[in-house]
Amino acid sequence: MKRVICFDLWNTLVRSCQGTGASYADVLVRLGANMESIYPIVREELMISQMDYMEMAVYLCRRLNLRPTENDLLEIANNWRRDNDESEWLPDAVQLLEELRRQDNALVLITNITWPAWAAVNSKLGAGQHFDYTFLSCCEGLSKPDQRVWQTVENVLPNFSPSERWMIGDNETDDLAVPAAMGWETILVGAEGVPLTEVSGIIDGSKRCDDLAWGWSLIPPH
């Protein structure tokens with residue numbers, strides 16, 4: 001195989017359409033939570049567990065010192081379920097994965113994800129079938145940006161140099177800073193980075209981007 005190419009999932013390959021109405025986070029804010037305080041708890045505590053939607057709703061409200069009614073908890077759980085059930089591939093995501101596989105690369109999914117979210121996304125989109133290895137935080141008990149996440153991938157696929165390992169994601173802190181510091185190549189995609197249609201060319205060297213704000217560098221930025 002040529003390279004190990006790792007992808008984040010949310011907002012890199014897949015997005016939640018969120019349907020109509022408030023998401024689960026909006027309900028928490030309405031109950032008095034600070035929006036910025038929600039994701040760290042979800043990432044560091046819920047995405048490494050295997051709770052269902054109602055269990056996560058109750059846990060979050062306790063951690064955020066909220067006093068929800070039973071209807072509030074149901075709304076949180078139902079909105080969370082809907083957010084995941086209405087997920088979809090981003091444009092060009094599947095085409096990119098298929099192109100990279102045809103080039104004989106090892107494809108890896110590295111995602112911070114709750115247990116029910118993975119069940120929903122994998123059932124609806126068949127996400128797991130595109131990858132040779134999936135690192136799911138809810139199964140591994142580790143979430144990005146813990147360095148052990150990428151060390152695990154190195155152990156699973158050991159016969160590659162750092163320059164043959166790539167990490168693609170939409171979040172510099174969660175997805176890219178740590179593997180870059182480990183010597184991996186990284187590509188920032190999404191609103192702050194390059195479009196997915198540019199990724200294959202960057203990896204094979206046919207496209208260059210000297211502006212690191214676009215998210216691609218051969219020198220670790222941290």
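# Notebook: strands, helices and cores

I began with strand E4 (106-111) and found both of its faces covered: Ala 106, Val 108 and Ile 110 are buried on one side, and Leu 107, Leu 109 and Thr 111 are buried on the other. The model is a predicted one. I counted 6 of the 6 residues of E4 as buried, so this strand is largely enclosed by the rest of the structure.

**Entry: neighbours of E4.** I looked up which strands pair with E4. E1 pairs with E4 in the parallel sense, over 4 bridges. Within that pairing, I noted Leu 107 of E4 as the bridge partner of Ile 5. E5 also pairs with E4 in the parallel sense, again over 4 bridges. Here Ile 110 stands opposite Phe 135 in E5. I then followed the chain from E4 through H6 to E5 and recorded a right-handed β-α-β crossover.

**Entry: helix H6.** H6 covers residues 115-125, and I listed Pro 116, Ala 117, Trp 118, Ala 120, Val 121 and Leu 125 as buried. An α-helix has 3.6 residues a turn, so residues three or four places apart point the same way. What covers the buried residues of H6? I found strands and helices in the list, including strand E2 (14-16), helix H3 (53-63), helix H4 (70-85) and strand E3 (87-89). E4 and strand E5 (133-136) are in the list too. Just after H6, Gly 126 takes a positive phi of about 60 degrees.

**Entry: strand E6.** E6 runs parallel to E1, and 4 bridges join the two. Across this pairing, Cys 6 stands opposite Met 167. E6 also runs parallel to strand E7 (residues 185-188), with 4 bridges between them. On that side, the bridge partner of Met 167 is Thr 186. From E6 the chain goes through helix H9 (residues 172-181) to E7, and I recorded this β-α-β crossover as right-handed.

**Entry: the cores.** Which residues touch the most other members of the largest nonpolar core? This core has 32 residues, and I wrote down Phe 7, Leu 9, Leu 13, Trp 89, Ile 187 and Val 199. At least two residues of the core come from each of strand E1 (4-7), helix H5 (93-102), E4, H6, strand E6 (165-169) and helix H10 (199-204). H5 gives the largest share, 5 residues. Apart from this core lies another, of 23 residues, and I noted Val 42, Met 56, Ala 57 and Ile 76 among them.

I picked Leu 9 for its contacts. Leaving aside neighbours within four places in sequence, I found Leu 9 in contact with Val 14, Leu 109, Ile 110, Thr 111, Ile 113, Trp 118 and Val 121. Trp 118 and Val 121 are on my list of buried residues in H6.

**Entry: aromatic pair.** I found 1 aromatic pair in the structure. Why does the pair of Tyr 24 and Trp 80 count as stacked? The ring centres are 3.8 Å apart and the planes are at 5 degrees, so the pair is stacked. Tyr 24 lies in helix H1 (residues 24-30) and Trp 80 in helix H4, so the pair ties together parts that are 56 residues apart in sequence. I noted both Tyr 24 and Trp 80 as buried.

**Entry: cysteines.** I looked for disulfides and found 0. Cys 138 is in no disulfide, and the nearest cysteine sulfur, that of Cys 139, is 4.1 Å away. The cut-off for a disulfide is 2.5 Å between the sulfur atoms. Cys 138 is buried, with a relative accessible area of 3%. I also looked up Cys 61, which counts as buried at 2% relative accessibility.

**Entry: Glu 86.** Last, I went to the loop between H4 and E3, where Glu 86 has its place. Is Glu 86 buried or partly exposed? I wrote it down as partly exposed, with a relative accessible area of 28%. Glu 86 and Ser 16 are 70 residues apart along the chain, and their C-alpha atoms are separated by 5.9 Å.

Definitions and conventions: Residues are numbered from 1 along each chain as its sequence is written. This is a predicted model: local features need pLDDT of at least 70, side-chain atom pairs count only at pLDDT 80 or more; totals for chains, interfaces and linings use all residues. Side-chain values use heavy atoms; hydrogens and water are left out. Buried means under 20% relative accessible area, exposed over 50%, partly exposed in between (1.4 Å probe, protein chains only). Contact means heavy atoms within 4.5 Å. A nonpolar core is a set of buried Ala, Val, Leu, Ile, Met, Phe, Trp, Tyr and Cys residues joined through side-chain atoms within 4.5 Å. Rings of Phe, Tyr and Trp (its six-membered ring) pair if their centres lie within 6.5 Å; planes under 30 degrees apart count as stacked, over 60 as edge-to-face and the rest as tilted. Two strands pair if DSSP finds at least two bridges between them. A crossover is right-handed if, with the strands pointing away from the viewer, the path from the first strand over the helix to the second runs clockwise.
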